[in-house]
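Please consult the sequence and the three-dimensional view below while reading.

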Amino acid sequence: MLSTKFPAGAPRVLTLANQKGGVGKTTTAINLGTALAAIGESVLIVDLDPQGNASTGLGIDRRARRLSTYDVLVGEATLAETIHETVVPRLHLAPSTMDLLGVELEIASEKDRAFRLRDAIHALHDAGVENRRYTYVLVDCPPSLNLLTINAMAAANAIVVPLQCEFFALEGLSQLLKTVEQVRVSLNPGLSIHGVVLTMFDPRNNLSGQVVADVREFMGEKVYETMIPRNVRVSEAPSYGKPVLLYDLKCHGSQAYLRLASEVIQRERTLRAA
């Protein structure tokens with residue numbers, strides 16, 4: 001089997017995954033990345049979703065995406081060559097394009113097909129370019145358990161699972177956990193669940209409270225204390241090409257993502273000390 005060792009001093013790679021759409025994966029990737037950058041981390045967001053919403057939400061025009069994560073996965077560009085600066089200091093982005101829809105067919109027969117992203121991140125770290133030194137890489141996955149998501153999991157130290165506070169929240173979570181376990185056994189022995197982040201929480205809705213209780217009972221301490229509220233400012237921000245922390249720092253959504261970033265950092269310290 002190919003080596004799964006992560007190089008010393010490499011960035012922590014957190015993959016945001018859930019095969020269910022509309023749960024806040026991209027919103028969490030953008031705003032968690034922004035919040036981590038705001039507290040001093042150097043962050044790269046890798047957009048692996050063909051829809052490219054993370055790229056658009058960070059203000060990267062489609063016409064500017066001359067090279068994308070598609071080119072990285074098919075071996076036609078390095079990750080460093082795709083990276084764009086964003087309006088957020090210390091936050092960079094590797095954008096996606098619709099070409100990603102065809103990448104699975106293009107690399108399906110390659111032996112290293114599941115490790116293309118991992119190897120690209122390692123190469124970026126090994127290159128040692130000063131403004132390409134990251135402490136965190138966040139990978140935004142498509143809403144499916146396909147080869148793109150497998151690449152993201154094979155490249156990751158841990159998985160962050162956004163989960164919407166709605167009736168079907170737990171539906172599909174068991175399948176996601178099975179996939180994570182399969183990747184851990186066959187491709188990436190160090191892979192773990194970093195945490196489950198509850199999104200679109202509405203305290204006025206009794207169902208939201210029941211979902212929170214059910215998820216906490218099912219996943220225990222893996223569920224972050226911070227919950228992301230349903231907030232109109234969070235929904236509006238992407239249409240301006242900005243994270244909500246730049247669009248409206250004082251809104252409840254922004255403050256929640258800052259708390260989530262602090263909680264992620266605290267869990268990281270605990271993991272490193274173990």
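How are H1 and H12 oriented relative to each other? In this predicted model, the axes of H1 and helix H12 (residues 252-273) cross at roughly 70° and come within 8 Å. Angles of 65 to 115 degrees count as roughly perpendicular, and H1 and H12 are therefore roughly perpendicular to each other.

**Helix H1 against helix H12**

- On the H1 side, the contact is formed by Thr-27, Thr-28, Asn-31, Leu-32, Ala-35, Leu-36 and Ala-38.
- On the H12 side, these residues meet Tyr-257, Leu-258, Leu-260, Ala-261, Val-264 and Ile-265.
- Sorted by class, the contact of H1 with H12 has 10 nonpolar and 3 polar residues, and no charged residues.

**Helix H6 against helix H7**

- Helix H6 (residues 116-127) packs on H7 with the axes 7 Å apart, at an angle of about 45°.
- That angle makes H6 oblique to H7.
- From H6, Arg-116, Leu-117, Arg-118 and Ile-121 take part, and their partners in H7 are Asn-151, Ala-152, Ala-154 and Ala-155.
- The contact of H6 with H7 comprises 5 nonpolar, 1 polar and 2 charged residues.

**Helix H7 against helix H8**

- Helix H7 (residues 147-155) also packs with helix H8 (residues 173-186), where the angle is about 60° and the axes lie 10 Å apart.
- That angle makes H7 oblique to H8.
- The crossing in which H7 passes H8 is right-handed.
- Ile-150, Met-153 and Ala-154 of H7 meet Leu-176, Thr-179, Val-180 and Val-183 of H8.
- The contact of H7 with H8 has 6 nonpolar residues and 1 polar residue, with no charged residues.

**The largest pocket**

- The largest pocket holds about 350 Å³ of space.
- Its lining has 21 residues, of which Gly-22, Val-23, Gly-24, Thr-27 and Met-200 are the closest to its centre.
- Elements that each supply at least two residues of this lining are helix H1 (25-38), strand E7 (192-201), strand E8 (223-229) and helix H10 (232-236).
- H1 provides the largest share of the lining, 3 residues.
- By class, the lining of the largest pocket divides into 8 nonpolar, 10 polar and 3 charged residues.
- Thr-27 is listed both among the residues closest to the pocket centre and among the H1 residues that meet H12.

**The largest cavity**

- The model has 1 cavity of 30 Å³ or more.
- The largest cavity has a volume of about 30 Å³.
- Its lining is made up of Asn-18, Lys-20, Leu-163, Ala-169, Glu-171, Gly-172, Leu-173 and Leu-176.
- This lining of the largest cavity divides into 4 nonpolar, 2 polar and 2 charged residues.

Notes:
Residues numbered from 1 in each chain as written. Predicted model: local features only at pLDDT ≥ 70, side-chain atom pairs only at ≥ 80, totals over all residues. Heavy atoms only, no water. Axes fitted to C-alpha atoms, helices over the stretch in contact; angles between N-to-C directions. Helix = DSSP H or I, 4+ residues; strand = E, 2+ residues; numbered from the N terminus. Parallel < 35°, antiparallel > 145°, perpendicular 65-115°, else oblique. Left-handed = near helix turned anticlockwise from the far one by under 90°. Contact = heavy atoms within 4.5 Å. Nonpolar A, V, L, I, M, F, W, Y, C, P; charged D, E, K, R; others polar. 1 Å grid on protein atoms, 1.4 Å probe; cavity = no way out; pocket = protein on both sides within 12 Å on 5 of 7 lines; lining within 4 Å. Points joined across faces, edges and corners; volume = space filled by probe spheres on them.
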